[in-house]
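Dear colleague,

Please find below the structure that I am handing over to you.

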Protein chains: 2
Amino acid sequence: MYEQVKPIELMVQELSKLPGIGKKSAQRLAYHIVSMPVENVRRLANALLEGRQNIRFCEVCGNYSVEPKCDICSNDSRNRSIICVVRDPRDVAAMERVQDYKGLYHVLHGVLSPMDNIGPSDLNIRSLLTRLSDGEVKEVIVATNPDIEGEATASYLARLIKPMDVKVTRIAYGVPIGSDLEYADEVTLAKALEGRREI
Amino acid sequence: MYEQVKPIELMVQELSKLPGIGKKSAQRLAYHIVSMPVENVRRLANALLEGRQNIRFCEVCGNYSVEPKCDICSNDSRNRSIICVVRDPRDVAAMERVQDYKGLYHVLHGVLSPMDNIGPSDLNIRSLLTRLSDGEVKEVIVATNPDIEGEATASYLARLIKPMDVKVTRIAYGVPIGSDLEYADEVTLAKALEGRREI
């Protein structure tokens, strides 16, 4: 096998670690990047590294944020009596695309999964309970994926939160079972929000 | 449309400029990169930027190189009496995978294309003629793609080089017409080399 020029070899090696990028795609990308003006490559590299460095988790909801508090949590026009619980920040973006929802979020950073040894203490649940303790929140919508782990997580949260006198709802099964929330279309997600029912 | 967190927005913007990466893939990649350890993102970003900065063109053949002279040009065990002319550095990598060829290369950085206003002066041809002037080179294999521009470039080079008493050959039509050299398999490329004929 021909040893490619070292820097290109390195690019291919790093790029092919990314999800969905195989060796052949990584090679195409590397050769493209090498032919780009240095300034454009610098902009790309900086977007990746500085972007990663500037991102932190919102100290309230756990969503990605630049500031200690994310844009949604610090937005006074959002409805503070309702919290939508999702698995990860990508799902916040998916819910926001609906534009029907004006409440707050809480990101669990995972779902319960005994198979993967992920229990309640591995998820961002304790801070959710803290948020509920002052009585301002009237409803928690659990919008985890409609699969086994998502359902188990929803049931677990319902058992935990109901005694706190907060209504717990689950998004309706407008979203096709077994699919991924991130890829649901806006209309389906809107339907799912609309048809939510108490757990 | 929901405004994603600024750094992620920027990542998506830069990533989706790359060939073959659409908006949706760019988003997946950005969310993945944000979840990677900072050290790994730094390694990726450095591979891209430093790689791009360290790469230059070999002053002899025009291939990608770290040193002024590329590894192939400075390798004493290569056959210096034969030069294989290709369109771009990717094609050098493709030819090298054959492992049958032990001569040198010359990278044109394009092919003649009147439609795109690319004429002989836009290609790395002058330095090829310089390389041929000392009489050491006995044969030039033109391995441009077997399409209209590649053929036109081959004919042009043949007319130019033949008077210099250097044999000019064309790789055989083992490579399927209209395809891309980069994606030819090793056996086909080997056959193409083997069956080369004088122009």
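Which residues in α1(A) meet which residues in α3(B)? The model is a predicted one, and in it the side of α1(A) consists of A:Pro7, A:Leu10, A:Met11, A:Glu14 and A:Leu15. Their partners in α3(B) are B:Asn40, B:Arg43, B:Leu44, B:Ala47, B:Leu48, B:Gly51, B:Arg52 and B:Asn54. By class, the contact of α1(A) with α3(B) comprises seven nonpolar, three polar and three charged residues.

As to geometry, two packed helices are described by the angle between their axes and the distance between the axes. The crossing of α1(A) past α3(B) is left-handed.

I turn next to the contact between α3(A) and α1(B). The axes of α3(A) and α1(B) come within 9 Å and cross at roughly 150 degrees. The two helices, α3(A) and α1(B), are therefore roughly antiparallel to each other, and α3(A) passes α1(B) in a left-handed crossing. On the side of α3(A), the contact is made by A:Asn40, A:Arg43, A:Leu44, A:Ala47, A:Leu48, A:Gly51, A:Arg52 and A:Asn54. On the side of α1(B), the residues are B:Pro7, B:Leu10, B:Met11, B:Glu14 and B:Leu15. Sorted by class, the contact of α3(A) with α1(B) has seven nonpolar, three polar and three charged residues.

Within chain A, how do α1(A) and α2(A) pack, and at what angle? Their axes are 8 Å apart, and the angle is about 130 degrees. The helices α1(A) and α2(A) are therefore oblique to each other, and α1(A) passes α2(A) in a right-handed crossing. In α1(A), the residues of the contact are A:Ile8, A:Met11, A:Val12 and A:Leu15. They meet A:Lys23, A:Ala26, A:Gln27, A:Leu29, A:Ala30, A:Tyr31, A:Ile33 and A:Val34 in α2(A). The residues of the contact of α1(A) with α2(A) divide into 10 nonpolar, one polar and one charged. A:Met11 and A:Leu15 also belong to the contact of α1(A) with α3(B).

A:Leu128 lies in helix α5 of chain A and is buried, with a relative accessible area of 0%. Apart from neighbours within four places in sequence, A:Leu128 is in contact with A:Ile83, A:Val85, A:His106, A:Leu157 and A:Ile161. The C-alpha atoms of A:Leu128 and A:Tyr105 are separated by 9.7 Å, and these residues are 23 residues apart along the chain.

A:Pro68 is found in the loop between β2 (64-65) and β3 (82-86) of chain A. A:Pro68 is partly exposed, its relative accessible area being 33%. Leaving aside neighbours within four places in sequence, A:Pro68 is in contact with A:Arg56, A:Phe57, A:Cys58 and A:Glu59. Its C-alpha atom and that of A:Arg52, 16 residues apart along the chain, are separated by 15 Å.

Finally, two backbone angles. Most residues other than glycine have a negative phi. A:Asn117 has a phi near 65 degrees, a positive value in a residue other than glycine. A:Asn117 is found in the loop between β4 (104-107) and α5 (126-132) of chain A, and at 67% relative accessibility it counts as exposed. B:His109 is not a glycine, yet has a positive phi of about 60 degrees. B:His109 is found in the loop between β4 (104-107) and α5 (126-132) of chain B and is partly exposed, with a relative accessible area of 31%.

With kind regards

Technical notes: Residues numbered from 1 in each chain as written. Chains lettered and ligands numbered in written order. Predicted model: local features only at pLDDT ≥ 70, side-chain atom pairs only at ≥ 80, totals over all residues. Heavy atoms only, no water. Left-handed = near helix turned anticlockwise from the far one by under 90°. Helix = DSSP H or I, 4+ residues; strand = E, 2+ residues; numbered from the N terminus. Contact = heavy atoms within 4.5 Å. Nonpolar A, V, L, I, M, F, W, Y, C, P; charged D, E, K, R; others polar. Buried < 20%, exposed > 50% of the residue type's maximum accessible area, 1.4 Å probe, protein only. Axes fitted to C-alpha atoms, helices over the stretch in contact; angles between N-to-C directions. Parallel < 35°, antiparallel > 145°, perpendicular 65-115°, else oblique.
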